[in-house]
Amino acid sequence: PAPDLRTICDNLIDNAIRYAPEGSAVDVRLHGAPGQPVTVEVIDAGPGIPGEFAGRVFDRFFRVPGAPAGGSGLGLAIARSVGSRHGLRIELRNREGAPGLVAQVHMRGS
């Protein structure tokens, strides 16, 4: 699953860079403890996902209206499909108290 995990992380990091304001940071974090599942987290300072579109961002070819040019709307659909083949779960949520998005990849059991 290592190449597939890379595909997922590449997509999430690319999206974070694309949507974050120029000059802002994109953080990539790993959370876990010995013997426990790992969670990969990608955090940006972009606009986040408007609530009315949260349920659609994993749909093939869907792009949030007003999103920056570029992309086909397939990246998150591919990431979710690849992840589900390996028991990974991808969760997206808007940051609390700051603009941006938190994308998490949960490994088995997390």
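Colleague: With which side chain does the side chain of glutamine 104 make a polar contact at 3.2 Å?

Modeller: The partner is the side chain of histidine 106. Please note that this is a predicted model, in which local features need pLDDT of at least 70 and side-chain atom pairs count only at pLDDT 80 or more, while totals for chains, interfaces and linings use all residues. Residues are numbered from 1 along each chain as its sequence is written, and side-chain values use heavy atoms, with hydrogens and water left out.

Colleague: Why is the 3.2 Å pair called a polar contact?

Modeller: A polar contact is a pair of N or O atoms within 3.5 Å; within protein, one must be able to donate a hydrogen and the other to accept it, and residues adjacent in sequence count only if both atoms are side-chain atoms. The value of 3.2 Å is within 3.5 Å, so the pair qualifies. Glutamine 104 also has a polar contact of 2.7 Å with the side chain of glutamate 41.

Colleague: What makes glutamine 104 count as buried?

Modeller: Buried means under 20% relative accessible area, exposed over 50%, and partly exposed in between (1.4 Å probe, protein chains only). Glutamine 104 has 10% relative accessibility, and therefore counts as buried. This residue is found in strand β4; helices (H or I, at least four residues) and strands (E, at least two) are DSSP runs, numbered from the N terminus.

Colleague: Which residues does glutamine 104 touch, not counting residues up to four places away in sequence?

Modeller: They are Thr39, Val40, Glu41, Arg89, Ile90, Glu91 and Arg93, where contact means heavy atoms within 4.5 Å.

Colleague: How do you know that aspartate 14 and arginine 18 form a salt bridge?

Modeller: A salt bridge is a side-chain nitrogen of Lys or Arg within 4 Å of a carboxyl oxygen of Asp or Glu. Here the N to O distance is 2.8 Å, so the pair meets the definition. Both residues lie in helix α1 (residues 2-19), 4 residues apart, about one turn of the helix.

Colleague: Why are aspartate 14 and arginine 18 called partly exposed?

Modeller: Aspartate 14 has 37% relative accessibility and arginine 18 has 32%. Each value lies between the limits for buried and exposed, so both residues are partly exposed.

Colleague: How many salt bridges does the structure hold?

Modeller: The structure holds 6. Among them is the pair of arginine 89 and glutamate 91, at 3.0 Å.

Colleague: What makes a set of residues a nonpolar core?

Modeller: The set consists of buried Ala, Val, Leu, Ile, Met, Phe, Trp, Tyr and Cys residues joined through side-chain atoms within 4.5 Å. The largest such core has 20 residues, of which Ile8, Leu12, Val57, Ile90 and Val105 touch the most other members. Its largest share, 4 residues, comes from α1.

Colleague: Which residues of helix α2 are buried, and what covers them?

Modeller: The buried residues of α2 (residues 75-85) are Leu76, Ala77, Ala79, Val82 and Gly83. Their cover includes α1 and β3 (89-94).

Colleague: Which element gives the most to the lining of the largest pocket?

Modeller: That element is α1, with 7 residues.
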